[in-house]
Amino acid sequence: MNSVILNAATRILVPLLLVFSLFMTLRGHNDPGGGFIGGLIGSTAFIFYAIAFSTAEARSALRIEPEQLAIIGLGLALLAGLVSIVFNEALFTGQWLFLGASEGEKGLPISSVLLFDIGVYLVVMGGILALVFALEEEV
Amino acid sequence: MSWLLTFPLILPFATAVLAYLARKSSAGRWISVAGSLLALVAALALFVTVSDEGVVSAQMGGWDAPYGITLVADMLSAVMVLLTTITGLSVAIYAMGEINPAQEKLGYHSIFQILLGGITGAFLTGDLFNLYVWFEVMLIASFGLLIMGGKPTQIDGAVKYVTLNLIATVMFLSGIGLLYGVTGTLNMADLHDAVLASDRPGLIVILSMFFLIAFGMKAAVFPLFSWLPASYHTPTFAASAIFSALLTKVGVYSLLRTFTLIFTLDPGFTNAVLLWVAVLTMVVGVIGALAQTEIRRILSFQIVSSIGFLILGLAIHSPLAITGAVFYLIHNVIVKANLFLVSGVIARVTGGTDLRLIGGMYRTAPLLSVLFLIPAFALSGFPPLSGFWPKVLLVKASLDQGMWVVAAVALIVSLLTILSLMTLWSEAFWKPHPEAREPSLATLGSDRLALVLPIAALGLLTLLIGVFPQPILEISEQVAAQLLSPDLYLTAVRGVLP
């Protein structure tokens, strides 16, 4: 598609959508959001890009094949589940690390749950982009 | 204890990730075989533990039942997981000979492993909604394997397959939602209690029909089987072997599980429905097989017919009948996978799978012909091969209940099965090749070992089960005993209840 309005708008929308998708992913732990919705929003950024410019451009902007992205996400989600093997707990039991925690200060929580959400993000984004790119290229 | 249950489940997924990353080199197929081998070891460990110590269960993520997801393995689950990994390994080896580099680059081995993971998950979960999730994983992965290659016949088969299976999953999901509304739980052990305590038993019997239709469609029973013969002859032989061995059996497993653990309120009604379904499935399946001339379509209708025998065991519902059904299940998984693998070799050697266009296998490859005869005779129930014993048990069970007509139908169906398979034998093996072309083993080339090794191994297993049926019979009896009095299952899951 060759539209000046869409091209100009896409340049502004793509970074906004990507940042928003990260925000939604991180927010998801305690509030509505999470990896799934984050991955959907993130993939719309690249879909916009593919429609405004071309699928080839979007593919090179992504730098990695979407299928590969999805399977790496699956691997990360699996790793997040496997972390609990080290602590001899059931699969997918959340493991927490509080960075810089001290007396009365909770610190920055980093957890295997977050890693799982990132995995989901990548699976959804990779899966959706693989489908959309394939459909766009077919036409 | 919990890791024993999770390893058979996570190994296929880990293998899928690694195999996909290595898909562009020959390492991918070796990763697939190695992962399948490890999964077989894990499944053996689980089986040994379950048969020594009884039912094992674990709560995922440390969340207690009935809120968290329970993984639970009784004898039935352990046997099914073991069968999954045995056929999984055989087909992974066979795929090394059949799958071409173009298909490997699309991630064939990876999708295959995800399918195995989905099947294993369905056998191990103790939660009805989680079972639905595993059904979806299986559906997506099997769709990927079906369309890989992109031939028009494949797309045609895959569209029918996916449409009809989606109807089944919608049925399943609606049933789950309504059942949750009535009982307030989806943990299977918890459902057992909730259903018995429910003040609306009539409603639950009606709801059980949702599950009967959904699982029945997955299992390909009459009249819901039409997706199976429409699609199973289109994909690669490796894919159709794993489909025929395991996918319908997941439906049968789910029926066995839910109709012995949850929906036991009105056995008179549900068993009568199941009995009609079973008899019609047996008969229609074998008649369909007789009308076909394409090898994989014949075998597809034979799957439908076999499903009838399995449902028959559940419908009669006596300990002997369930024992027979479980024995038949074990035998059938191995034999069906083997027959589809052999048909792949027949196609390579003679140049096709349409019986009117091929022939002359016996003169070219007498040893391969024997490898076909073993599963073929086993399927038709020839003594002393593995199919004979479960059929004896099922016929005896129906005679014990005074069901003379059912026993007679089962025997006639067996006879027609022999007829159908012997037609296949005389057309593909004895008849000279119609184009006077001499089939040649040279077409197998360097793939020969990868193609023939799993066929020979599964054939040997069939022979062993046939000659030494006692261990399998004892296992089947244990499974039947656990299914008919689920106390062990319930205590194992309740043990982790708060």
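## The contact between chains B and A

Chain B brings 19 residues to the contact and chain A brings 18 residues; contact means heavy atoms within 4.5 Å. This is a predicted model: local features need pLDDT of at least 70, side-chain atom pairs count only at pLDDT 80 or more, and totals for chains, interfaces and linings use all residues. Residues are numbered from 1 along each chain as its sequence is written, chains are lettered from A and ligands numbered from 1 in the order in which they are written, and side-chain values use heavy atoms, with hydrogens and water left out.

About 1,400 Å² is buried between the two chains, chain B and chain A. Carbon and sulfur atoms give 74% of that area. Buried area is the accessible area (1.4 Å probe) that two parts lose on being put together, summed over both. Three residues stand out: B:W3, B:V17 and B:Y20 supply 38% of the area that chain B buries against chain A, more than any other three residues.

A salt bridge here is a side-chain nitrogen of Lys or Arg within 4 Å of a carboxyl oxygen of Asp or Glu. One joins the side chains of B:K24 and A:E65, at 3.1 Å from N to O.

Which elements give two or more residues to the side of chain B that touches chain A? They are α1 (2-21) and α5 (108-124) of chain B. Helices (H or I, at least four residues) and strands (E, at least two) are DSSP runs, numbered from the N terminus. Helix α1(B) gives the largest share, 11 residues.

By type, this side of chain B has 11 nonpolar, 6 polar and 2 charged residues. Ala, Val, Leu, Ile, Met, Phe, Trp, Tyr, Cys and Pro count as nonpolar; Asp, Glu, Lys and Arg count as charged; the others, Gly among them, count as polar.

## Helix α20 of chain B

Helix α20 of chain B covers residues 470-484, 15 residues in total. Its first and last C-alpha lie 21 Å apart, close to the 21 Å expected at 1.5 Å a residue. The expected span is 1.5 Å times one less than the number of residues.

Several residues of α20(B) are buried, including B:I472, B:I475, B:V479 and B:L483. Buried means under 20% relative accessible area (1.4 Å probe, protein chains only).

## Chain A

Chain A has 5 helices and 2 strands. Along the sequence they run α-α-α-α-β-β-α. Its C-alpha atoms fill a box of roughly 60 × 30 × 25 Å, taken along the principal axes.

Of the 139 residues in chain A, 38% are buried.

Methods: Buried means under 20% relative accessible area, exposed over 50%, partly exposed in between (1.4 Å probe, protein chains only).
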